[in-house]
Amino acid sequence: PIAVVGVTGVVGREVLRALHEAGFPAEEITALGTDRSEGEEIDYGDESLSVERATPEVFRGHRAVILAVPHDAARTLAPAAQAAGAWVVDVSGAFRADPTVPLVLPAVNADLLKRPFRGRIVAAPSPLTTAVLTALEPLRAAFGLRRASVTALFGASSAGRRGIAELEKQASGLLSGRDEEVAVFPHRIGFNVIPQVGEFEGAWTREERALIDEAARIWEGRGELPVLSATVFHVPTFYGQAMSLSIDLGGAANEKQIRAELEKSPNLKLLDAPAEKIYPMPMLITADPTV
């Protein structure tokens, strides 16, 4: 069986959806959460899962544990799951900077899992790193890559359920003539754009710095590292991320060649017919799970 911890959160629900789409039956999934969510029913395809409380004892007998929880909880639960004999996939970010824990993006460095490493914990990169490197890797592998500049737009769901609730409350309040309280974001997110995701660490915010650092780890040993820069905004959409990439390839390539590399990648879906008003948009995320 596979245990998913944090199933009532935004990320946890997406993990369950991905497992269902991958064909894992409900009887092989254990849904775990906090004391507060114990006993809740969570949709799993046409079935439902009852949420159990996440304790070290519950991990026994599971071959894999996926952690979609806050950093502090992951720091406690990951060693417990490992001690119970499970492989741990941490998507919280708690272990991304730990040099002893493999940072794995399957579209780029899945081969890392074939090499010996200490422990049974594997870290997943941030959503921004995942999106950027998944898009860039086919072009880097085919033509080389000197530099890339990223402008990314994060929806409220990047701050979890509290972020979604705050946007919903502020939008409703402002339309009714009320100025609602700011609690989750550094400024009002309703009808606003905030050029800060995470705390500032020098010239970069934590999210921008994470992309640069994580990309260096994931691309390590795969030729000369490209120069990356990023600017990340919070925007008043509920779900999804959008990004614009400006890239300098290592070799010559025309539009047809670039399109061909992107189209043949099993990790990407190309939406590019501007004359027909077909292009990527955050609203498509909730309508088409393959986007």
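This is a predicted model: local features need pLDDT of at least 70, side-chain atom pairs count only at pLDDT 80 or more; totals for chains, interfaces and linings use all residues.
Local features need pLDDT of at least 70 and side-chain atom pairs count only at pLDDT 80 or more, while totals for chains, interfaces and linings use all residues. Residues are numbered from 1 along each chain as its sequence is written, and side-chain values use heavy atoms, leaving out hydrogens and water.

Reader: How many salt bridges does the count come to?
Author: Side chains of opposite charge can pair when their charged atoms come close. A salt bridge is a side-chain nitrogen of Lys or Arg within 4 Å of a carboxyl oxygen of Asp or Glu. By this rule the count comes to 13.

Reader: Which residue forms a salt bridge with Glu-14?
Author: Helix 1 covers residues 10–21, helices being DSSP runs (H or I, at least four residues) numbered from the N terminus. The closest N and O atoms are 3.0 Å apart, and the partner is Arg-17.

Reader: Which residues are linked with Arg-17 in a network of salt bridges?
Author: Arg-17 also forms a salt bridge with Glu-21, with the closest N and O atoms 3.9 Å apart. The network links Arg-17 with Glu-14 and Glu-21.

Reader: Is Asp-213 buried or partly exposed?
Author: Asp-213 forms a salt bridge with Arg-209, the closest N and O atoms being 3.2 Å apart. Buried means under 20% relative accessible area, exposed over 50%, and partly exposed in between (1.4 Å probe, protein chains only). The relative accessible area of Asp-213 is 39%, so Asp-213 is partly exposed.

Methods
Helices (H or I, at least four residues) and strands (E, at least two) are DSSP runs, numbered from the N terminus.
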